[in-house]
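User: Please take me through how the labels used for this structure follow from their definitions.

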Amino acid sequence: MNSQIWWYTARSGGILASLLLAASVLWGLAITTRAANRITRPAWLLDLHRFLGAAALVFTGIHVVAILLDTYVHFGLAEVLVPLTGTWHPVAVAWGIVGFYLLVAIEVTSLVRSRLPQRWWRSVHFASFPLFVVTAIHGLSAGTDRHSPLMVWGTIAISVVVAALTTVRVISAMPPRPQAAVPVPHRF
Ligand code: HEM
C-alpha cells in the first residue's frame, strides 16, 4: 500500500480538482444566468465561486506533485510542464498540462483583476470553457479510472449541465432583437 500512496494521491487529487473545477464553472454560470434575470448577486455567491476555483488549483498542485513523487512511471519536471515531452500517454497528459496553464492564467488574472482592464480579465476568464473541456478529455483519457462507469457517466452528466447553462448564458447575453415597427393607424 505504501508504495502506491502517491499513485492514490495523484488519482484522488485529479478527481477532486476536476470536481472543484466543475463546481466553480457551474456556480459561475448559475450566478451570471441569474444576473441576466435581474436577481440580486450577494457577495458570498461570488466568494464561493472564487474559493472553488482556487481549491481546484490547489488540488491540481497536489495531483501534479504526487505524479512527480510516484515511482511506478517516471515523470520529471519537464514531462509535467511541457506537453508531449513524456513517453507515458503523451497526448492524454498534454491535455492536463494545457488545462493546468489555463487554470493558472484564470486564477492569476482574477487575483489582479482590479489592476487589469475589464476586457482583458473577461477574455482570459472565458478560457474557463476550454479549460473544462480539456480537463474532461484529460481525465477520461489519462486516468486509471477512465473506464469506470461512474467516471465516464459522471463526466458526461456534468458536461451536459455545463453545456446547457452555457447555452442559456450565451442566449441571455445576446442583445434583444429590434422591435418591428408597429404601423400607426391613419385617422380619417
Ligand atoms: C501539469 C498538469 C497535469 C499533469 C502532468 C497530469 C498528469 C496526469 C496523469 C499522469 C494521470 C494518470 C494518473 C493515473 O491514473 O495513474 C492523470 C489523471 C487525471 N488527471 Fe491529471 N494532470 C495534469 C493536470 C490536471 C488537471 C488540471 C486536472 C483537472 C482539473 C486533472 C485531472 C485528472 C483526472 C480527473 C485524472 C484521472 C484520475 C483517475 O482516473 O483516477 N489533471 N493526470
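Analyst: His-89 is found in the loop between helix 3 and helix 4, where helices are DSSP runs of H or I with at least four residues, numbered from the N terminus. Residues are numbered from 1 along each chain as its sequence is written. The model is predicted, with local features needing pLDDT of at least 70 and side-chain atom pairs pLDDT 80 or more, while totals for chains, interfaces and linings use all residues.

User: Why is His-89 called partly exposed?

Analyst: A residue is buried if 20 or more other C-beta atoms, placed from the backbone, lie within 10 Å of its own, exposed if 12 or fewer, and partly exposed in between. His-89 has 14 C-beta neighbours inside 10 Å and therefore counts as partly exposed. Its phi is near 40°, a positive value in a residue other than glycine.

User: What makes Leu-84 buried or exposed?

Analyst: Leu-84 has 10 other C-beta atoms within 10 Å, so Leu-84 is exposed. Leu-84 lies in the loop between helix 3 (77–81) and helix 4, and phi of Leu-84 is near 70°, a positive value in a residue other than glycine.

User: Which residues are the closest to the ligand, and how many surround it?

Analyst: The ligand is surrounded by 28 residues, of which the closest are Arg-11, Gly-14, Gly-96, Gly-139 and Gly-143; a residue counts as near if its C-beta atom, placed from the backbone, lies within 6 Å of the molecule. Two or more residues of this shell come from each of helix 1 (5–36), helix 2 (43–69), helix 4 (90–111) and helix 6 (128–142), and helix 1 gives the most, with 8 residues.
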